[in-house]
Amino acid sequence: MVKIGICGAGLIGASWAVGFAAHGFNVLVYDTNEKTLNNFFYVVDQLANDIKIFAKVDIKKIKSRIITSKNFEDICKDTSLIQESIVEDLEKKREIFNKLEKFASTDTILASSTSYLLPSEISKNLKNKERCIVAHPALPPHIVPFVEICPSSKTSSSVIRKAKEIYEKANYIPIVLKKEIEGFVLNRLQGALLNEAVRLHEQGYASINDIDISLKHALGIRWAFLGPFEIMDLNAPGGIADSFTRYRKGIKNLAKQQNSIPTYTDAYIATLESEQRTRMKLNDREKRTKQRNKLIALIRKLKLEQGE
């Protein structure tokens, strides 16, 4: 079975590790933080239990396929793909990729979990740029079966193909961007929605609670199984062309109003924090996160049962 290296044992790294190990991959996880490593398999237990909601898994086998190490070179030995999952910091990611290039075999794929950084920027100082990609997951990747592969102009087609095959074997549903763009597909869509939510709240049109309700109890229910173009195809009798023809004036008018950029000042962020804490205490977030994971897993179960 293909070996996977994970660089970073935090939440994203642990989630990746469980996602790969649950589908038979042997996984090597590197981190230097003693506390993170000591807590790692406790986290693995929790994450693996999420998967049990929609799939038959043996948690002991999952854990037996994962090895942790404080030795960087360990994740570079005989691994087909290394998933970098450290903090969102360009210089730190470049440092890691420089070390990966030094110790990993030239046919090992180097993938970053970055949310926004371009693969061409991360691999800027490398000699072998053709094996570098961004492989950005949706949080949390042990139960959300999505990864977007973003190559740079230097990435080879064989690396893209091989990476796609690896993620598919781990039961992810990969998409491949045709060219690189900041934020890729997922965060550009998510960012557009988040910016509009902030505009609506900051300009006094709706509360954060009512904006969240609009997503949780309306759009989010449809979006669990339909994308924006599919939704438009079903919104009018004649399909997608009919739908856009009917509604394009209103859609264009909204776009004209959505060009302002929220300032995200410290004062506004403090306001958000205050309003959110009236809804949920800080120490209740862990309970809500577990509930989030459970509900995502149940949605995944329903979609699998319905062939989605």
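**Entry 1: burial in α7.** I looked up which residues of α7 are buried, and I found N187, E196, A197, V198, R199 and H201. Buried means under 20% relative accessible area, with exposed over 50% and partly exposed in between (1.4 Å probe, protein chains only). I note that this is a predicted model, in which local features need pLDDT of at least 70 and side-chain atom pairs count only at pLDDT 80 or more, while totals for chains, interfaces and linings use all residues. Residues are numbered from 1 along each chain as its sequence is written, and side-chain values use heavy atoms, with hydrogens and water left out.

I then checked what covers these buried residues, and the cover includes β6 (132-137), β7 (146-151), α8 (208-223) and α11. Helices (H or I, at least four residues) and strands (E, at least two) are DSSP runs, numbered from the N terminus.

**Entry 2: dimensions of α7.** I recorded 17 residues for α7 and a reach of 24 Å from its first C-alpha to its last, close to the 24 Å expected at 1.5 Å a residue. The expected span is 1.5 Å times one less than the number of residues. After α7 I found G204, with a positive phi near 85°.

**Entry 3: α7 against α11.** I looked up the packing of α7 (residues 186-202) with α11 (residues 266-279): the angle is about 85° and the axes are 12 Å apart. Axes are lines fitted to C-alpha atoms, for helices over the stretch in contact, and angles run from 0 to 180 degrees between N-to-C directions. The angle makes α7 roughly perpendicular to α11; that term covers 65 to 115 degrees, whereas angles under 35 count as roughly parallel, over 145 as roughly antiparallel and the rest as oblique. In this contact (heavy atoms within 4.5 Å), α7 supplies V198, H201 and E202, and α11 supplies Y268, L272 and E275.

**Entry 4: α8 against α11.** I found that the axes of α8 and α11 come within 10 Å and cross at roughly 70°, which makes α8 roughly perpendicular to α11. I208, N209 and D212 of α8 meet L272, E275, Q276 and R279 of α11.

**Entry 5: cysteines.** I searched for disulfides (pairs of cysteine sulfur atoms within 2.5 Å) and found zero. For C76, the nearest cysteine sulfur is that of C7, 8.2 Å away. I list C76 as buried because its relative accessibility is 4%. The sulfur of C132 lies 12 Å from the closest cysteine sulfur, in C150, which is too far for a bond. C132 also counts as buried, at 2% relative accessibility.
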